Structures are given as C-alpha cells and as structure tokens.
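Have the sequence and the 3D view at hand as you read.

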Amino acid sequence: MAEQRDDGKPGAEVEPAGSHTPATPPQPPMDPAQLEQFRQFQQFQDYLRFTQAQQGNEPAPPQGAGQVQQYAGGYPPVPPGPPHDLVPAERRRRPAPKWLTWLGKKVIAWVLAFVVLAVAGTWLYNHFFPNDAGKTSEQLAQEGGGTYHTNHILSTSPYEAVREVYDAVAQNLVPQACGRMDEPIQQKFAQDMGYADCQVAVHELNRQVKSKNDYAESMPSYVSEPLPGDSFTISSCKFGIRGGPALGAFTVQKVEKNQWLIVGHTNEQTPCPAPTPTTR
C-alpha cells in the first residue's frame, strides 16, 4: 500500500519488512573448454550409474538432480585421466601367466630351429645329389669324367669303375653314371643303347631295373686275377647281369692319379649267353 507523505502527496509504495529477496549475482559465462569438461564429468557420472546397474546395485541418483549444481569457478571438477582410464581395475586385461609366456618362446624357438634344419638339409641334399634336369652331355661330362685330370673323382679299380656305372643307373644318377666315361664315349654309349644322349639313356635304363641291389652287385668291384694291362675291356656278359639290362662291354684305361676311366663301349649279345666261371 502507498505511504502518505507529510505533505499529503502519495509516495512510493513501500514493501513490507522481510519480503525483500536479494538479487542473484550473474554467473560468468563458460568458455568452450569449461563446457567440454562439464560434459565429460556428466559422462563419468552416467558411466558410474551404468556399472552399478550391471553389478546389480541400485544406481545412485545423479548428483544435483532437480537443481543446477554450482561449483567454484563456474564449472564442475574434471575426473582424473581421460575417459578410457575410468574402466574398473578388475575389468582391465590381465598380463599373461609366466608359464604361458615361457611356452610361447619355446614354441617359436622350435619352429625357427626346424626351419633352419630344413633349409640346411635341402642345401646338403642338392649339393651331394644335384638335379641333372636340363643339363647337356657336355655339362655332365664336366661334372664327372671331364675333371679327372685335376680331381680324384674316379675309381682306382677298373672293375669298380664299371660297377659304379651299374650302381648309378640303378639309382638313376646321371652325373655319376655318365661321368665315369670319357666325353666322346658318353654319346657313343647312349647311341649303342638306342638313346639320344647319355642323360636319356640313364633315365630309360633305370626304368628297366627290377632289383637295384642285385643289379648294382652284378659286376664285381675287383677280381683276383692280375690286370692284363693299363687298358683292357670288361664284358658285362662275362659276369652275368641280374635285376636289369646288361650294358655291354666297357674298355677301361688307367689315367692320372691312378684312376680308371671308361674310354670305349661296344654292344654285346642280347640276352647274354650263360656266364663262364670266373674268380672274383
């Protein structure tokens, strides 16, 4: 109600005592960084309520529900660390057991050792048993009879020189068979046996071998009778060939380093006549 002034004029309306409400001081506006921190804090509260619900606990009501929570400085405190650090400790990935780590290292070591052994074994096999596919007779000669001048690669027994040809044919080893012969004789041997070259001859003759051991042992490594000289002919039919085809007569000659090289070849009667008794 209006208060009557002493001069009789109406004055300003006076509010009753105790009814005055102090004005709220204006809050300073939040900058973008403060708003982002407030948003992360709200996400943190939502996450806590979610984990409590997953564990069967009654989720706590959001802090300051129904009212605006006031904070010193105008923004809420920021939870420690980035959001991914808020995962409960019991749900974090645990380190692997020591025994599992030890076993994994052992398995890796075994695998590496197996790979090394496989590579080494392959190299050794290819070194001692080279593949002769695609090689010419001249290349095969260089690996065998063509290098006897400087290397000790031939037999020191004339009969063993011929027996090694039979053994190489039984094993299908071209360099070891053709390399016992002088280079020109390799081609003659192949033609006498009905093939284009020595390599083809060895492969095809190997197909006719029925017993590798019997075939390789048909020729003796030596005989007790004296050698007729530094060059003579050894007949396959004289000893009777078993387990595969007879290869004819070979002329052997003594060369450098007391080695014996096959320097001639002729065909013999097929099949061979019955062998005559001989001393081996």
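## Two disulfides

Please keep in mind that this is a predicted model. A search through the whole structure turns up two disulfides. Counting the bonded cysteines along the chain, the pairing pattern is 1-2, 3-4.

## Cysteine 178 and cysteine 198

The angle about the S-S bond is -105 degrees, and the link is left-handed. Are these two cysteines buried or exposed? Both cysteine 178 and cysteine 198 are buried.

## Cysteine 237 and cysteine 272

Another disulfide joins cysteine 237 to cysteine 272, with 1.8 Å from S to S. Cysteine 237 belongs to the loop between strand S3 (231-235) and strand S4 (249-255), while cysteine 272 is in the segment after strand S5 (259-266), so the bond ties together parts that are 35 residues apart in sequence. The disulfide of cysteine 237 and cysteine 272 is left-handed because its S-S torsion is about -65 degrees.

Here the two partners have their own burial classes. Cysteine 237 has a relative accessible area of 8%, so this residue is buried. For cysteine 272 the value is 27%, which means that this residue is partly exposed.

## The largest nonpolar core

The largest nonpolar core has 32 residues, and those touching the most other members are Tyr166, Phe189, Tyr215, Ile234, Leu247 and Phe250. Helix H4 (158-171), H5, helix H6 (183-192), H7, S3, S4 and S5 each give two or more residues to this core. H4 provides the largest share, with eight residues.

Which residues does tyrosine 166 touch, leaving out those up to four places away in sequence? Its contacts are Tyr215, Met219, Ser236, Ile241, Pro245, Ala246, Leu247, Gly248 and Phe250.

## A look at helix H7

The buried residues of H7 include Cys198, Gln199, Ala201, Val202, Leu205 and Asn206. They lie on the same side of H7, because the arc they cover around the axis is only 165 degrees.

At the start of H7, aspartate 197 places a side-chain oxygen within 3.1 Å of the backbone nitrogen of glutamine 199.

Notes
Residues are numbered from 1 along each chain as its sequence is written. This is a predicted model: local features need pLDDT of at least 70, side-chain atom pairs count only at pLDDT 80 or more; totals for chains, interfaces and linings use all residues. Side-chain values use heavy atoms; hydrogens and water are left out. A disulfide is a pair of cysteine sulfur atoms within 2.5 Å. Buried means under 20% relative accessible area, exposed over 50%, partly exposed in between (1.4 Å probe, protein chains only). Helices (H or I, at least four residues) and strands (E, at least two) are DSSP runs, numbered from the N terminus. A nonpolar core is a set of buried Ala, Val, Leu, Ile, Met, Phe, Trp, Tyr and Cys residues joined through side-chain atoms within 4.5 Å. Contact means heavy atoms within 4.5 Å. The arc is that of the directions from the helix axis to the C-beta atoms. A polar contact is a pair of N or O atoms within 3.5 Å; within protein, one must be able to donate a hydrogen and the other to accept it, and residues adjacent in sequence count only if both atoms are side-chain atoms.
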